[in-house]
Amino acid sequence: MGLEQEIADLYIHEAGGMLRYAAALAPDGDIARDAVQEAFFRLFVCRSGGQSIASPKAWLFRVVRNYILDQRKAGARNTSSLESLLNVAGPALTDGGVHTSELLTVLPRIGLSPREIECVRLRTEDLRYEEIASVLGLQAGTVGALLARAHEKIRNAVSQKKKSGMFAGTLAREKRYAS
Amino acid sequence: MHPSSGLLVSFCDAETAAWQTRRIARHLAKCGRCRERAERIRREKEDLLAGKRSGANPAGLAGILSAAAAWREGRSAAATQLRRRLDEEIDTYCGAAAVGVIDEPGTRADQLLVKSCELFEVFLGPAAAEAVRDEVLQDLDWALPAEEADA
């Protein structure tokens, strides 16, 4: 398989998820789209130069993340920590390119940490624990622990807020759980 | 012994070790309560995925493949820009003499990138090497014709 074909296959399978992830981190949709394009250009150049990449999917997500953090740092030089740069509130794109579950968009409001939210987001894009660890620079065991904790928080929040209507649309779907 | 919530989440993600998977599967076969817990975790995961759909943009792929073709054919200014940036980084971290050794005649810019990143990984460590790689690849003019690189 030629390199261009390899890139095209990866794009077809991964670009949608990368864009969703990028949209959750980026301050605007243009930066999210640029990050995805840039990641594929960089992958092409590195592979063309002979670099072997064990998990291209994790590599691409990592480049997207680094690209957006660099852009955000450039736009907020006085922000003190990397974590605080993460806008994990939800997708910023609204033109139909990105769509995500309502539950994912309320994660920051139910007490998940930025790391937990990123783990959940990457997991929903079908990244394995090892791949998530590689993207975020963590140990795979830590990813498992973060996901378990996130899951617990989501469950508690959903059960606590069922009556308050905090996320009405989500809870409409949740009703089937009770039946 | 009932598996912990964390272990059940990993099991539902197919991320447990083979021996753990076998042990949990055996346990679930006989424990209705844990079966229900696992089922609930699966349903909750489905809810997280609700509405997910592909956002891949065919125009985006066309742009990438077009830039790749320009790169291969030496029509892209990005290769010249990349070589210049890499030479500067090699000079900074390894000294001017190293530039001539690493950037040999006939070495393509992408080969130089991989070679120098391997070098930086040894001397600076993986995280710093990655940061240098990101730096030199940042905002290259992929679409700019090669003849305009020096302009």
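In this predicted model, the mean pLDDT of chain A is 79, and 73% of its residues score at least 70. Two stretches of chain A deserve a careful eye. Over residues 78-82 of chain A the pLDDT stays under 50, and the model has three contacts beyond four places in sequence for them. Residues 171-179 of chain A also have a pLDDT below 50, and this stretch has six contacts in the model beyond near neighbours in sequence.

Of the 179 residues in chain A, 45% are buried. Among the contacts in chain A between residues at least 6 apart in sequence, 64% join residues at least 24 apart.

Chain B comes to eight helices and zero strands, and from the N terminus on its elements read α-α-α-α-α-α-α-α. Buried residues account for 25% of the 151 residues in chain B. The overall dimensions of chain B come next. The radius of gyration of chain B is 25 Å, whereas a compact globule of 151 residues would have one near 15 Å. The C-alpha trace of chain B spans about 70 × 40 × 20 Å along its principal axes. Of the contacts in chain B between residues at least 6 apart in sequence, 61% join residues at least 24 apart.

The two chains meet in a contact that takes 45 residues from chain A and 36 residues from chain B. On the side of chain A that touches chain B, at least two residues each come from α1 (3-25), α2 (29-48), α3 (56-75), α5 (102-105), α6 (114-124), α8 (140-161) and α9 (168-178) of chain A. Sorted by class, this side of chain A has 22 nonpolar, 14 polar and nine charged residues.

Helix α3 of chain B, residues 32-49, has 18 residues and reaches 26 Å from its first C-alpha to its last, close to the 26 Å expected at 1.5 Å a residue. Buried residues in α3(B) are Ala38(B), Asp47(B) and Leu48(B).

Helix α7 of chain B, residues 109-124, has 16 residues, and the distance from its first C-alpha to its last is 21 Å, close to the 22 Å expected at 1.5 Å a residue. Its buried residues are Ala109(B), Asp110(B), Leu112(B), Leu113(B), Ser116(B), Cys117(B) and Phe120(B). These residues lie on the same side of α7(B), because they cover an arc of only 145° around the axis. An α-helix has 3.6 residues a turn, so residues three or four places apart point the same way. The buried residues of α7(B) pack against α5 (77-94), α6 (96-102) and α8 (126-137) of chain B, together with α2 of chain A. Just after α7(B), Gly125(B) takes a positive phi of about 100°.

Methods
Residues are numbered from 1 along each chain as its sequence is written. Chains are lettered from A and ligands numbered from 1 in the order in which they are written. This is a predicted model: local features need pLDDT of at least 70, side-chain atom pairs count only at pLDDT 80 or more; totals for chains, interfaces and linings use all residues. Two residues are in contact if their C-beta atoms, placed from the backbone, lie within 7 Å. Helices (H or I, at least four residues) and strands (E, at least two) are DSSP runs, numbered from the N terminus. Ala, Val, Leu, Ile, Met, Phe, Trp, Tyr, Cys and Pro count as nonpolar, Asp, Glu, Lys and Arg as charged, and the others, Gly among them, as polar. A residue is buried if 20 or more other C-beta atoms lie within 10 Å of its own, exposed if 12 or fewer, and partly exposed in between; C-beta atoms are placed from the backbone. The expected span of a helix is 1.5 Å times one less than its number of residues. The arc is that of the directions from the helix axis to the C-beta atoms. The radius of gyration is taken over C-alpha atoms; the globule rule is 2.2 Å times the number of residues to the power 0.38. pLDDT is the predictor's confidence in each residue, from 0 to 100.
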